[in-house]
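Here is a short report on one protein model. Look over the sequence and the structure before reading on.

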Amino acid sequence: MHIVVCVKQVPDTRIIKVNPKTNTLDRRGIPAILNPFDSHAVEAGVRLKEKVGGTVSVLSMGPPNAVKMIRKCVEIGADEGYLISDRFFAGADTLATSYALYKAFEKMLEEKPVDIIICGKQTIDGDTGQVGPGIARRLDIPPITNVIEIKEVDEKARKVVVKRKLEDGYEIIESSLPCLLTVEKDINPVSYSPLPNMIKAARYEPTIWKVDDLNDVDKKQLGLKGSPTIVAKMFAPPKLEGGKKIEGNAVEQSKQIVSLLLEKPELFEKKRGRA
């Protein structure tokens with residue numbers, strides 16, 4: 001069983017700021033981290049490997065310093081890592097990213113087959129959740145989103161059974177292999193890394209592919225050139241204002257509530273419905 005987890009290096013959004021003049025993210029001095037959803041995806045892959053056997057590879061597209069993030073995945077328990085890094089990939093939106101990763105999968109498939117691809121539900125810097133399904137579409141394999149449990153994997157029968165979260169409940173799905181899963185944080189907690197993994201990660205050097213190492217790449221579909229998405233403006237949302245505190249006894253509080261409601265006459269306007 002070969003499990004591949006797609007991961008991304010992202011800025012730590014807890015301390016990131018928006019430049020008010022350029023309306024872009026100000027990444028200066030902001031540390032890069034493994035996307036939190038992806039850490040749970042790696043953990044899910046490692047736990048699946050421990051259950052059914054096989055190997056876990058991680059695949060990422062990013063700058064050269066993303067090697068540190070791949071080492072973090074090895075620390076969690078991944079066996080090997082691949083990074084595609086080239087200036088042609090810079091500025092990619094989700095469409096161009098899924099194309100680049102698809103080409104990396106084609107390269108990987110020359111060496112050995114892939115049974116299950118696992119992605120985090122979304123990244124904290126983009127929040128689109130589009131890259132995983134985009135990869136599945138290009139590879140022509142089934143995508144299953146919002147997975148919270150991998151219930152069964154039968155390699156001989158070439159099937160997997162998972163539980164996924166819906167807005168109003170849950171769903172049990174059986175899919176053929178290979179397939180792609182995007183997972184929620186609920187799928188598992190991330191375990192503490194054992195010392196042998198930490199030692200291995202400190203010494204590990206991932207496989208790095210430039211754009212020319214991939215086969216039959218249409219460079220017009222990479223980076224900014226291959227990205228139809230345009231960010232016209234970016235801004236920080238306004239801070240929430242505190243609510244009005246109502247004090248006094250029950251009668252006094254009731255009067256205050258009525259006064260506040262009367263300040264909003266639109267609440268009492270009758271809206272005409274269509275016949």
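Accessible areas come from the Shrake-Rupley method, which uses a 1.4 Å probe. By that count, the protein exposes about 16,800 Å². Carbon and sulfur atoms supply 52% of that area. Keep in mind that this is a predicted model.

**Overall build**

The protein contains six helices and 13 strands. Its C-alpha atoms fill a box of roughly 75 × 50 × 45 Å along the principal axes. The radius of gyration is 23 Å, whereas a compact globule of 275 residues would have one near 19 Å. Of the 275 residues, 40% count as buried.

Contacts tell us about the fold too. Take those between residues at least 6 apart in sequence: 70% of them join residues at least 24 apart.

**Charges**

The protein carries 43 positive and 38 negative side chains. The centres of these two sets lie 5 Å apart.

**Cysteines**

How many disulfides does a search of the whole structure find? The search finds zero. C6 is in no disulfide, and its nearest cysteine sulfur, that of C119, is 4.1 Å away.

Key
Residues numbered from 1 in each chain as written. Predicted model: local features only at pLDDT ≥ 70, side-chain atom pairs only at ≥ 80, totals over all residues. Heavy atoms only, no water. Helix = DSSP H or I, 4+ residues; strand = E, 2+ residues; numbered from the N terminus. Rg over C-alpha atoms; globule rule 2.2 N^0.38 Å. Buried < 20%, exposed > 50% of the residue type's maximum accessible area, 1.4 Å probe, protein only. Contact = heavy atoms within 4.5 Å. Lys, Arg positive; Asp, Glu negative; His and termini not counted. Charge placed at Lys NZ, Arg CZ, Asp CG, Glu CD. Disulfide = S-S within 2.5 Å.
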